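Please examine the following protein model with its strands and helices in mind. The report below describes selected parts of it.

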Amino acid sequence: MPGARGGPERQTRGWHWPGTARLAPRVAPAAAPPAPRARDSYYTFTCTPIQVAPPLAATSHPDTASAAATEATPTPHSAPPSASHAIPEANSTTEADTAPAPAVTDSAPTKPRPADCTPGAPTNPSRAHHAAAPAAPDASRPSHAEPPHDASQDGDAPRPTPPDAPTGDAPSPARLIIGTPSHPASAAPATDAPLGTVPPAQQPTTFYRGVLVYAADVTDQVEAVERLRVSERRQREAAVTLQRSLLPQKLEQPDDLRVAATYQPGGTEAAVGGDWYDVITLGAGRTALVIGDVMGRGLRAAAVMGQLRTAVRAYARLDLPPHEVLQLLDGLAAEIDASQIATCVYAVHDPNEGRLIYASAGHLPILVRDPDGTVHRAAEPTGPPLGTGGWLHASGSVPLSPGSSAVLYTDGLVERRDRDIDEGVADLERAFAGAAGSPQVMCDRLIRSLGITADHDDDVAVLVLQHPARTGHDAELFHNAALELLGGVEAAPRARAFASGVLASWRFPTELRDLGVLATSELVANSLQHGTPPMRLRLRRTDRRLIIEVTDGDDHLPRRRRAEPVDEAGRGISIIATIASSWGSRRTPDGGKAVWCEFALPRH
């Protein structure tokens with residue numbers, strides 16, 4: 001029946017929060033039709049934490065509770081309460097008890113709050129912040145509001161709780177969203193309640209949900225940073241692996257030099273660069289040493305470095321002068337990647353001349369230490385880096401006698417951000433002057449002396465070579481002998497007799513001595529027929545091979561060809577290639593050529 005407690009015309013939304021008194025039920029107009037729910041739409045809000053007044057404790061006076069329930073019902077033209085109203089104490093019976101709890105807001109005009117901030121908002125989480133506000137009562141219909149209910153008549157009977165109302169054990173999933181939607185036209189209907197007025201049961205839920213949203217955002221950012229770090233670490237490991245795989249796994253050890261090298265990548269905060277080094281045996285006792293640095297970082301720099309190193313080895317097999325090798329590399333670097341440049345120094349050691357002939361493309365100078373401990377730089381001018389084009393490189397030379405050492409290095413060893421690079425080179429000179437031991441020991445000492453650690457900001461490559469002074473038994477294993485070839489065809493028998501006597505004095509086996517005499521005869525005959533004076537025969541032995549070399553004044557290099565059965569010439573180079581371990585030819589700096597062959601010595 002109308003007016004009875006729990007009747008159809010009375011719809012209560014009364015619940016209580018643990019630790020507070022039970023609030024008076026809010027009575028909705030019986031004749032007002034339920035407001036239709038707004039369609040779900042997605043808003044973008046800027047969440048700003050606000051401070052709300054604590055919930056008011058309910059009074060035990062029945063009239064006061066009834067008045068509070070009546071005044072809490074929204075009206076179409078009710079004005080929001082002033083923010084300056086004082087909050088009365090609990091269990092007070094003054095008129096302030098009947099006023100809605102004011103929100104702590106700033107001085108800005110009061111704005112309608114979102115629909116889900118209304119106490120009557122639906123509790124479905126999927127529609128928590130899209131629900132519409134309760135509709136205002138229709139003025140054309142008579143009001144059927146119940147008279148105030150006497151709470152004293154109920155005794156201790158519990159009040160009925162709506163099924164969708166949150167309890168103290170299960171807070172409401174409704175969220176407090178303060179902000180402006182991205183599409184105002186699609187916003188939920190406005191209400192007359194002041195912005196920031198929150199039902200007491202929703203205040204803890206709003207706070208905890210705000211904390212959870214903030215924590216979720218922070219967690220997402222931390223996970224994104226960690227994924228980025230893992231990706232960078234994997235890319236760096238791949239670049240280091242590629243870099244090390246492109247470097248020589250084992251250096252070639254020449255007969256007359258002791259060589260060692262080391263490569264150390266930069267720290268975890270530094271990307272891998274394009275430093276590389278190599279040692280190439282050219283034949284006839286000559287050795288090429290190369291070191292370079294590709295300007296750049298990461299996998300691309302390592303890939304360009306690998307292509308340049310392969311090209312250097314291919315050009316070195318042509319046995320060209322150092323400046324011509326760099327000239328070819330310059331054009332190749334521009335073809336590989338026009339945006340990449342590289343510095344490089346290419347040097348050749350010839351034990352017969354006792355010098356280091358080199359060419360530099362924008363690289364740091366070579367340091368040479370004499371037998372007396374004096375360190376000096378290679379002072380010849382250098383050309384621009386590889387990949388710039390339009391420059392003619394030139395070769396220089398520096399003495400490297402027995403007992404001397406030299407070091408080739410990249411800029412990571414001497415360059416620092418807080419000082420000039422010349423100061424770093426001067427520090428390296430002092431460290432190199434006091435370094436002693438094997439080439440590998442010297443590399444390690446130079447790295448430590450220059451303060452290179454695992455956290456260095458650049459990768460470092462160092463190449464150390466020594467030309468040892470041999471004495472005692474080792475000196476017996478290294479010999480040189482030379483003969484000037486004067487005259488015409490009579491120079492051939494003199495050359496054969498000279499070779500037979502020298503090889504016998506070096507105590508070679510008979511078979512090897514006969515092969516050496518035959519090779520000497522063919523090389524001298526080829527030079528007498530196709531070359532021009534001056535001509536010279538040089539015999540040289542090391543602990544591992546016998547080298548026979550003939551030089552003349554003509555720069556046309558011989559090549560091996562197939563001779564026809566009726567041909568009377570053209571078989572000399574084919575015979576040498578058959579009996580010797582290796583052979584080759586090159587142009588000399590004075591405009592002539594040198595043709596040589598090698599025989600491997602038996603190991604005892």
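**Strand 15 and its partners**

Strand 14 (residues 582-587) and strand 15 run antiparallel and are joined by 6 bridges. Two strands are said to pair if DSSP finds at least two bridges between them. Strands (E, at least two residues) and helices (H or I, at least four) are DSSP runs, numbered from the N terminus. In this pairing, W583 stands opposite C597 in strand 15. The hairpin of strand 14 and strand 15 has 5 residues between the strands, and G591 takes a positive phi near 100 degrees there.

Strand 13 (residues 545-552) also pairs with strand 15, in the antiparallel sense, over 8 bridges. Here D552 stands opposite K593. Strand 15 (residues 593-600) is largely enclosed by the rest of the structure, because 7 of its 8 residues are buried (under 20% relative accessible area, with a 1.4 Å probe and protein chains only).

**Helices 8 and 9**

Helix 8 (residues 491-505) and helix 9 (residues 510-530) pack at an angle of about 150 degrees, with axes 9 Å apart. Axes are lines fitted to C-alpha atoms, for helices over the stretch in contact, and angles run from 0 to 180 degrees between N-to-C directions. Helix 8 is therefore roughly antiparallel to helix 9 (an angle over 145 degrees).

**Basis of the model**

This is a predicted model, in which local features need pLDDT of at least 70, side-chain atom pairs count only at pLDDT 80 or more, and totals for chains, interfaces and linings use all residues. Residues are numbered from 1 along each chain as its sequence is written, and side-chain values use heavy atoms, with hydrogens and water left out.

How values were computed:
Parallel < 35°, antiparallel > 145°, perpendicular 65-115°, else oblique. Buried < 20%, exposed > 50% of the residue type's maximum accessible area, 1.4 Å probe, protein only.
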